[in-house]
Structures are given as C-alpha cells and as structure tokens.
Amino acid sequence: MYTSLPFNFLGIDEHSSFEESKVVVLPFPYDSTTSYRAGAREAPIAIINASRQVELYDEELEIEIYEKVGIHTFKEIMPDMRGPEHQVELVRKVFVEVMGAGKFPVMIGGEHSLTIGAVRAVKNFYPDVSVLQLDAHTDLRKEYESTPYSHASVMRRIFESDVKIAQVGVRNSSKEEDEFIKSNHIFSATARQYIYGYYSVEDIADALSDNVYITIDMDVFDPSEVPAVGTPEPGGLGWYHILDILQEVTSRRNVVGFDVVELAPIPGSPASDFLAAKLIYKLIGYCFRKNL
Ligand SMILES: [Mn+2]
C-alpha cells in the first residue's frame, strides 16, 4: 500500500483536527509590498513541506509536543488583492476567529505587514499585550512606498496602537527610525549588542509585559544560516542566540501567539525552510511546556 504524509504542518494525521488542537497554524501566502527580493508568498508551502521532515520528538524538551497539544493547519488563506489595508483586516478577522475559539495562533507569512492585523486582534483579547520583534530592521517608518501598511512600517503601526514593543537583532535602521526609537524610549537591541552581551536575555524579558506576542522576521538570522530572505543583512543572530531568547521569554511571560515571516525560499536550497519549520515547532514546545 502506498501512502504519503498529509500536507499539513509536521505531516501528522493524528492530533491535527481543529477540534482537538490547541494550536492552529495559519498560512498567509502574501508579499505585495515587498521591496527587494520577492518570494515570501512561497514561504508557507515551503515551510509546511519542510516541516513534514521535522522530528516529532523534541530532544531538549523530551516530549512529542504535538500529541500533547494538537496542531491543526488551515489551508492557505488567499490574499485580499484590493490592497494592503484589506489584507491586514483579513488577518485580523482570521485571528479573532481562531482566538475566539480558544486556540493559540501561529501565523506563517508572507511578508511582515501581516503582523499589523495579528496584533490588532491579539490586543482585543489581551489589552496589555506587548510585542517581541526579532528582526534585522526596526520597521518603524512612518510610511514606505506610499502605503502606511508596508513591511517597513509594521512596528510603527503597532506602536501607534498603544502596544509596547521590544526589538532584538537590529542592524539596519534609517535616521528617521533611529530618532523615533530614541525619542520614544523603545527597547531596541542591535544584533551586536545582544551577541556581545550588552543586553541579556533577562533584559529582553524585562522589557515585555505579562502577555506577549512574538513576531520573528527571518532576516534576524545571520544570512549564512538563513540566506532565503528578502533583505539579507550581514551579521545577525544564530540558532542558539534565538533559542536562548525564546526560552527565557516563554518561561517568564505568557506568550499568546506568534508569527514567522519574510522567508523567501530559494529553490534547491532547503536549509532556511527547514530551520523555519523547526523553529516553529520548537517555539510551540517552549510555549506549552509549562502547562503539560
Ligand atoms: Mn521586518
């Protein structure tokens, strides 16, 4: 008999129905405002495909987390082509639906502007929510290429909605953004400051409120580890740098959802896709290990 793994996150045919799952994976193949190397729309399929090769047992947590929490994967959510503000609203609605059903949302982008809609929804459920942003860029431009809903403005929109933000991994910021960070006293750790120990993982967790939403722009990683991004920036964090942050934040704060965005797959080069898939499964494990 010939069978194949189901095409869902992790390729699981058990503990993957909507009803029995605490976690819902939301694939958004969208990259309309991307400015450099396009392709983030290809990321959800590439990450889900790679996830089917991820080992279900986590050797660090010593558990098969999926069978404890259940992980359901939505079909790809097709973009709203009327424009970026409609797309943001679509994301918000999907998040409200999923969180309203008591589920934990995990969004796979797609470009970073999607996060605006996600945080708008999360703030309804958790008014004190803060956002941990792992990113090479500050994404604090007032607007970019004539839209306020650009990937380059995502954190500015979020900050304006009265949400505290903390960013780590920065190594490219405009003058305008740098001034905005200083005048608003935003916690913004450059990649170098974190790697060289100027900021610790404790400092990062301290900068956040009790309920936290995490957004991971894949360009936070060193491009030698993750070359498949729209805007590769030299330097950057490694796999263990990121895991240390996530471990600390999830153990001290209540993480209520997260996203992984801006992967732009390179055909024939699966390492970045696989890292993203493993990162998602690892972070699900970190978020839920306390409550098992
Ligand atoms: Mn970004």
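## Fold and overall dimensions

The chain has 10 helices and eight strands, where helices (H or I, at least four residues) and strands (E, at least two) are DSSP runs numbered from the N terminus. Its radius of gyration is 18 Å, close to the 19 Å that the globule rule gives for 292 residues, so the chain is as compact as a globular protein of that length. That radius is taken over C-alpha atoms, and the rule is 2.2 Å times the number of residues to the power 0.38. Along the principal axes, the C-alpha atoms fill a box of roughly 60 × 40 × 40 Å.

This is a predicted model, in which local features need pLDDT of at least 70 and side-chain atom pairs count only at pLDDT 80 or more, while totals for chains, interfaces and linings use all residues. Residues are numbered from 1 along each chain as its sequence is written, and side-chain values use heavy atoms, with hydrogens and water left out.

## Burial and contacts

The accessible surface comes to about 12400 Å², with 50% of it belonging to carbon and sulfur atoms; the areas come from the Shrake-Rupley method with a 1.4 Å probe, and for residues only the protein chains shown count as cover.

Among contacts (heavy atoms within 4.5 Å) with a separation of 6 or more, 78% are between residues 24 or more positions apart.

## Manganese site

His 112 (ND1), Asp 135 (OD), Asp 139 (OD) and Asp 217 (OD) coordinate the manganese ion at 2.2 to 2.3 Å. Along the chain these donors follow the spacing H-x22-D-x3-D-x77-D. His 112 lies in the loop between β3 (104-108) and α4 (114-125), and Asp 135, 23 residues away, in the loop between β4 (130-134) and α5 (154-160), a pair that links distant parts of the chain. Both His 112 and Asp 135 are buried. Donors are N, O and S atoms within 2.8 Å of the metal (3.2 Å for Na, K and Ca); water is not among the atoms, so sites may look incomplete.

## Gln 133

Gln 133 belongs to strand β4 and is buried, with a relative accessible area of 0%. Leaving aside neighbours within four places in sequence, Gln 133 contacts Thr 138, Val 168 and Thr 215, among others, including the manganese ligand Asp 139.

## Helix α9

Helix α9 (residues 239-252) has 14 residues and should span 20 Å at 1.5 Å a residue; its end C-alpha atoms are 20 Å apart, which agrees. The expected span is 1.5 Å times one less than the number of residues. Among the buried residues of α9 are Trp 239, Ile 242, Leu 246 and Val 249.

Note on methods:
Buried < 20%, exposed > 50% of the residue type's maximum accessible area, 1.4 Å probe, protein only.
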